[in-house]
Structure formats: C-alpha cells, structure tokens
Amino acid sequence: MLRSAFRSTRAVRPSRVSAAQKRNLSIHEYQSMKLLNDFGIPTPKSVPAKSPSEAYDVAKNFGNDKLVIKAQVLAGGRGKGHFDNGFKGGVHVINSPEEAKEIAGKMIGAKLITKQTGAGGRLCNAVMLAERRDPSHEYYVAVLNDRATAGPVLVTSSQGGMNIEEVAAKDPSAIITTPIDFEKGLDTATALGVAQKLGFKSEQAQHEAAKIFQNLYKIFKEKDATQIEINPMAETADGAVLCMDAKFGFDDNADFRQQDVFNLRDVSQEDPTEVEAQKYGLNFIKLDGNIGCLVNGAGLAMATMDVLKLHGGDPANFLDVGGGATPETVKKAFELLLSDKAVSSILLNVFGGIMRCDYIAEGVIKATKELQLRVPLIVRLKGNKEAEAKELIRESGLKIYAFDGLDEAAAKAVELGRSSS
C-alpha cells in the first residue's frame with residue numbers, strides 16, 4: 001500500500017511483477033506498540049487481551065475509563081469490517097470493563113472480514129485495549145527502502161490519518177521524501193528540518209517528532225525491517241507527539257538473526273497451504289483458477305502461467321519447487337495441489353539444470369500412485385536427465401500426458417481442465 005503511493009510521487013517507470021513468494025513478516029498492532037516502546041518511541045498506553053475475561057480485567061485495572069478496543073487481525077480497514085458472526089466493526093470506543101468483556105466476546109474466536117482479507121476473513125485471536133488520546137493534528141510517517149536512491153528513506157506527510165495513496169494521487173507535493181544515510185542514520189538537523197516542514201507547532205513538539213524519526217530508523221536497521229508505517233502520528237491537544245498506529249514488515253531472510261521478532265509470527269493469519277509449503281521449502285501462492293501448476297524456477301513459473309492464460313486457462317496456484325527438489329518434496333507438492341478442490345487438471349513444467357528430470361519423474365510416479373490421482377496430469381520435462389525421466393514415465397504405465405513443447409502442454413491442460421471440471 002505505502003510503496004504504491006510512494007511510487008506515484010515519482011516519474012512513471014515500467015512496472016515489474018514478481019510472483020515469487022515473499023514472506024515479509026507482519027506483526028500485530030499490540031506487538032508493534034511494544035516494539036516502538038522498547039526503542040523509546042511514545043505511544044498511547046496499550047494492553048492486549050486474549051479472552052473476554054482478560055479484556056475485563058485489563059479495562060478494570062487500566063486506570064482510565066476512556067478506552068478503544070481493537071480486533072488484532074493482520075489486515076487494514078478493521079474499523080469498517082464485519083465479523084462472520086454478524087458483529088459490525090473491528091474498532092470500538094468503550095467506557096467500562098463490562099463493555100470491554102462484551103465486545104471482546106464478539107470479536108475473539110470470530111473471523112473479521114475487511115476489504116483486504118477476502119471473503120474468508122481472518123481469525124481474531126486477541127484484542128488490544130488502548131487509551132483514547134485526542135489528536136489536534138495527524139501526520140503520516142514511514143521508513144522504507146527506495147530503489148531510486150538505493151537506500152532507506154523517510155516518507156512523511158502532514159496529511160495523516162487517511163489513505164496515503166489518495167493523498168499522493170491528489171497532491172504529490174504533500175509527500176516529503178528524505179534520504180537516510182544507511183550507516184549514520186538520520187542526523188538531528190535533518191530530522192528537525194522534516195518536523196518543521198510538517199508544521200509541528202512548538203519547539204518541544206518538533207524535537208519530539210525528530211527523535212521519533214531517528215528511532216524509527218534505528219528499529220528499521222537493527223531489526224531488519226522492510227517497512228515501518230505510522231499512520232497516524234499525532235500531536236495531541238496537550239502537546240504530546242505519539243505514534244497512534246503502526247505497521248511493520250520484516251525481511252524473512254533475516255529470521256536467523258531476528259528470532260525475537262520472528263517468534264511473534266501468527267500463522268493463523270496466513271493461508272494454511274502456504275504455511276505447509278514453507279515447511280518443505282516450496283514456494284506456493286494460491287490463486288483462483290482451476291489448473292494446478294508445478295514448476296521449477298520463478299521465471300519459468302511466471303511464463304507457464306502466462307501461456308496458460310494465452311490458451312484461455314486460469315492457474316490455480318504459483319508453485320516453485322526450486323532447484324533442490326526430491327521425489328518426496330514433489331509428492332508433497334502434489335498433495336498441496338490436490339488439497340484445492342477447484343483443481344481439475346495439473347500441468348508440470350520442469351527444465352532440468354541443477355534439477356534432475358528423473359528425480360521429478362520419480363516424484364510424479366510416486367505421487368500418482370500413492371495419492372490415487374484423479375485429475376489429468378500433463379507433463380513437460382526438458383534438460384538434465386530428460387531421456388531417463390521420459391523412460392521412467394513410459395515404464396510406469398500410468399496415464400500421463402507427456403509433451404516436449406510448452407504451448408502444446410498448456411493447451412492440453414486447459415482442454416482437459418475444462419472437460420473434467
């Protein structure tokens with residue numbers, strides 16, 4: 001969301017689409033608030049609760065009756081969403097412990113459906129209770145990597161608390177982009193200059209905002225974040241500067257050195273098939289079509305899906321088995337494909353370089369026999385150990401449609417997918 005808005009403030013560049021699976025870890029709001037506080041960044045007091053009774057106790061001992069209760073679901077648009085039990089809104093103002101318990105009871109255990117979750121929604125396992133603070137002005141702040149400058153940037157706007165894409169589209173000059181020196185960070189003079197440009201009123205508020213900018217970059221660098229978005233950062237009626245809401249993304253390649261962050265992962269917020277695929281080193285993304293795809297290499301997978309579309313078909317998934325697949329991982333890949341009831345044919349397209357085609361063939365035969373494959377299987381194997389692979393398939397006696405050309409294989413997959421659906 002943020003990146004598209006940021007791009008819109010620059011000259012138009014050719015778009016590049018990647019279907020390679022990216023797991024830029026996101027964490028819940030209450031976890032984000034704690035991380036901000038750990039780095040000395042002020043926020044409204046916030047406490048999570050994982051049951052209605054816990055929400056009651058939190059509200060009772062909060063020391064403030066003016067609270068907000070928020071469903072903890074990894075999706076935007078929570079306030080305007082609705083739950084699968086009919087309850088409306090993932091964000092509510094509350095004034096008593098009894099209200100906290102009642103509303104938490106309607107949120108926890110239900111699925112919240114927003115414009116970002118899809119029709120299935122996402123499970124709410126917790127709520128967050130936060131003190132209500134009255135902002136006199138709201139700002140937008142983010143830290144992210146920028147390809148144009150080949151480094152991190154601070155992106156800010158005085159028009160916070162709203163959709164940043166709309167702000168960027170209507171008034172690109174409202175977006176202030178400040179490059180950050182990767183090693184040195186954001187110096188005080190630059191940070192203060194940004195605060196002044198944004199229009200913070202008092203000198204104290206300007207210094208508080210500048211310190212927040214510097215500490216946000218500190219988190220960004222030290223925790224291997226890919227993006228930090230604060231919307232809004234508010235100057236309150238009593239003169240305080242607070243981060244009211246936060247969204248973090250973290251580089252999954254850094255999980256080996258950021259175990260404290262990655263231990264916060266909530267797999268209930270992710271597609272279970274994608275979670276299972278990750279355990280076996282498979283890159284899997286579920287799509288809406290009916291033709292299951294099993295390919296090695298992200299580029300070849302993209303080309304395979306394009307060719308299917310050219311022949312009038314719709315891929316059911318992106319599945320890259322990578323260069324180190326074994327017969328066992330190929331079998332697991334088939335299990336993932338067949339778990340989708342919409343799949344009516346499967347196209348396997350493998351170019352053997354590092355990957356040996358005969359290993360793939362062994363996995364295909366094993367999966368076909370053990371999983372009692374009921375949908376048509378179309379196979380194209382080219383490259384390393386191609387002849388051996390084709391011989392294995394011939395000797396198996398199984399009904400597998402083998403092709404040398406991708407065009408022909410894709411056309412057959414589309415044809416058989418239609419006839420068996």
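Two strands are taken to pair if DSSP finds at least two bridges between them. Helices (H or I, at least four residues) and strands (E, at least two) are DSSP runs, numbered from the N terminus.

The model on display is predicted: local features need pLDDT of at least 70, side-chain atom pairs count only at pLDDT 80 or more, and totals for chains, interfaces and linings use all residues. Residues are numbered from 1 along each chain as its sequence is written, and side-chain values use heavy atoms, with hydrogens and water left out.

**The whole chain**

Begin with the complete protein chain. Its secondary structure comes to 14 helices and 20 strands, and its C-alpha trace spans about 80 × 50 × 40 Å along the principal axes. Of its 421 residues, 49% count as buried; buried means under 20% relative accessible area, exposed over 50%, and partly exposed in between (1.4 Å probe, protein chains only). Among contacts between residues at least 6 apart in sequence, 70% join residues at least 24 apart, where contact means heavy atoms within 4.5 Å.

Select strand 3, residues 67–71. On one side, strand 3 pairs with strand 8 in the antiparallel sense over 5 bridges; Val-68 has Ala-130 of strand 8 as its bridge partner. Strand 3 also pairs with strand 5, again in the antiparallel sense, over 4 bridges. Here Leu-67 stands opposite Ile-94, and the bridge partner of Lys-70 is Val-91.

Return to strand 3 and display its side chains. In a regular strand the side chains alternate between the two faces of the sheet. Leu-67, Ile-69 and Ala-71 point one way from strand 3, while Val-68 and Lys-70 point the other way. Are these residues buried or exposed? Strand 3 is mostly covered, with 5 of its 5 residues buried.

**Helices across the sheet**

Axes are lines fitted to C-alpha atoms, for helices over the stretch in contact, and angles run from 0 to 180 degrees between N-to-C directions.

**Helix 2**

Select residues 29–38, which form helix 2. Of its 10 residues, 7 are buried: Glu-29, Tyr-30, Gln-31, Ser-32, Met-33, Leu-35 and Leu-36. After helix 2 comes Gly-40, whose phi is positive, near 75 degrees.

Turn to another open sheet, of 3 strands in the order 4-6-7, with antiparallel pairing. Strand 4 (82–83) and strand 7 (122–123) are its edge strands, each pairing on one side only. Strand 6 (residues 111–113) is joined to strand 7 by 2 bridges, and Leu-112 stands opposite Arg-122 in strand 7.

**Helix 10 and helix 14**

Two packed helices are described by the angle between their axes and the distance between the axes. Select helix 10 (residues 298–310) and helix 14 (residues 406–420), which pack at an angle of about 60 degrees with their axes 9 Å apart. That makes helix 10 oblique to helix 14; angles under 35 degrees count as roughly parallel, over 145 as roughly antiparallel, 65 to 115 as roughly perpendicular and the rest as oblique.

Which residues of helix 10 and helix 14 make the contact? Helix 10 contributes Thr-304, Val-307 and Leu-308, and helix 14 contributes Leu-406, Asp-407, Ala-410, Ala-413 and Val-414. These contact residues divide into 6 nonpolar, 1 polar and 1 charged (Ala, Val, Leu, Ile, Met, Phe, Trp, Tyr, Cys and Pro count as nonpolar, Asp, Glu, Lys and Arg as charged, and the others, Gly among them, as polar).

**Two loop residues**

Finish with two loops. Arg-147 is found between strand 9 (135–146) and strand 10 (151–157), and is exposed, with a relative accessible area of 72%. Thr-326 is found between strand 17 (317–320) and helix 11 (327–338), and is partly exposed at 28% relative accessible area.
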